[in-house]
Amino acid sequence: MDERFPDEFVTWHHKTPIGVKIDEVFGMDSKSGKVWLELARQIYCEQGEPNYRVMEHFNNGAPFLEGYPGRISITHTNHFFAVATLPKTPETDLEKFSPRSSMGIDAESLDRKQVVKIREKFLSDKEQEMIAEDNLQENILAWTSKEALYKAAMTPGLDWKNDLSIIRLPKLDENPEARGERSLGEALITFPAETGIEPQSMVLYSYESYGCCVTIALSPKAAKFGK
């Protein structure tokens, strides 16, 4: 879904194969910057529900929807805005990490070559051996995976190279609406000892939309929507 829409916004609501709901707003390429982002956020908040959805942020920066006891995560890049949502988990404290609500999303343009120039800053030595420097798509998959993992961890100050470990990259799903098996990735989040949180295995899923690579990091223990 990479057709450009210079003078209009387009929205797409869909489920992913891993049980996360996605709301996307893209287009209106004639506008940019903060104006574009505010308009896209407004469209998301107004659509799909009987009442306006108020989006706020906890003190640690994580977003939430007022009155909705479930995890959301947001991302935006290059005229693309997306909100990932998990089912309600009223038994968890959304201000803190919990495997039951651990999820993050990130998006990046598939042609963003600058990611390769900074790969040494976010990839460990082992990951640099696994991900070829001349493979732009794999580097973007890795970058969005690290961003999504950081959001899912809900723990400021983690070391991207050592605390957020990619074990296996996902393959980019070019048709997320099609049925069938997906090539998922695998990752590990290591938390500081003082948090008392054990290392957490994570699933990575990536798909293409509006010229972007969109990656979701999800705990296998997280609440999920049915197919």
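Reader: Where is Met 28 found?
Author: Met 28 sits in the loop between E2 and H1. Helices (H or I, at least four residues) and strands (E, at least two) are DSSP runs, numbered from the N terminus. Before going on: this is a predicted model, where local features need pLDDT of at least 70, side-chain atom pairs count only at pLDDT 80 or more, and totals for chains, interfaces and linings use all residues. Residues are numbered from 1 along each chain as its sequence is written, and side-chain values use heavy atoms, with hydrogens and water left out.

Reader: Is Met 28 buried or exposed?
Author: Buried, because its relative accessible area is 14%. Buried means under 20% relative accessible area, exposed over 50%, partly exposed in between (1.4 Å probe, protein chains only).

Reader: Which residues is Met 28 in contact with?
Author: Leaving aside neighbours within four places in sequence, Met 28 contacts Phe 5, Pro 6, Asp 7, Glu 8, Phe 9, Trp 36 and His 79. Contact means heavy atoms within 4.5 Å.

Reader: On to H1. Which of its residues are buried?
Author: Trp 36, Leu 37, Ala 40, Arg 41, Ile 43, Tyr 44 and Cys 45. The buried residues of H1 pack against E1, E2, strand E3 (55–57), strand E4 (63–65), E5 and E6.

Reader: How does H1 run relative to E6?
Author: At about 35°. Helix H1 (residues 33–46) lies across E1, strand E2 (21–27), E5 and E6. Axes are lines fitted to C-alpha atoms, for helices over the stretch in contact, and angles run from 0 to 180 degrees between N-to-C directions.

Reader: What follows H1?
Author: Gly 48, with a positive phi near 85°.

Reader: What is the strand order in the open sheet of four strands?
Author: E1-E2-E6-E5, with antiparallel pairing. Its edge strands are E1 (9–15) and E5 (70–77), each pairing on one side only. Neighbouring strands of this sheet are turned by 15° against each other on average, direction ignored. Two strands pair if DSSP finds at least two bridges between them.

Reader: How many bridges for E5 and E6?
Author: Seven, in the antiparallel sense, with E6 covering residues 80–88. Gly 70 stands opposite Lys 88 in E6.

Reader: Why does Thr 75 count as buried?
Author: Because its relative accessibility is 4%. Thr 75 lies in strand E5. Its side chain makes a polar contact with the side chain of Asp 106, at 3.5 Å. A polar contact is a pair of N or O atoms within 3.5 Å; within protein, one must be able to donate a hydrogen and the other to accept it, and residues adjacent in sequence count only if both atoms are side-chain atoms.

Reader: What else does Thr 75 touch?
Author: Not counting residues up to four places away in sequence, its contacts include Phe 80, Phe 81, Ile 105 and Lys 151.

Reader: Switching to rings. How many aromatic pairs?
Author: Twelve. Phe 26 and Phe 80 form a stacked one, 6.4 Å centre to centre with 15° between the planes. Phe 26 lies in strand E2 and Phe 80 in strand E6, so the pair ties together parts 54 residues apart in sequence. Both are buried. Rings of Phe, Tyr and Trp (its six-membered ring) pair if their centres lie within 6.5 Å; planes under 30 degrees apart count as stacked, over 60 as edge-to-face and the rest as tilted.

Reader: Which residues do ring pairs link into a cluster?
Author: Phe 5, Phe 26, Phe 80 and Tyr 210.

Reader: Now H5. How many of its residues are buried?
Author: 13 of its 18, which leaves H5 mostly covered. At its start, a side-chain oxygen of Asn 135 reaches to within 3.3 Å of the backbone nitrogen of Gln 137. Met 154 follows H5, with a positive phi near 55°.

Reader: Last one, E10. Which residues form its covered face?
Author: Gly 185, Ala 187 and Ile 189, while Glu 186 and Leu 188 form the uncovered one. E10 pairs with strand E8 (residues 164–168) in the antiparallel sense over four bridges. Ala 187 is the bridge partner of Ile 166. Five bridges join E10 to strand E11 (residues 200–209), also antiparallel. There, Gly 185 stands opposite Leu 204.
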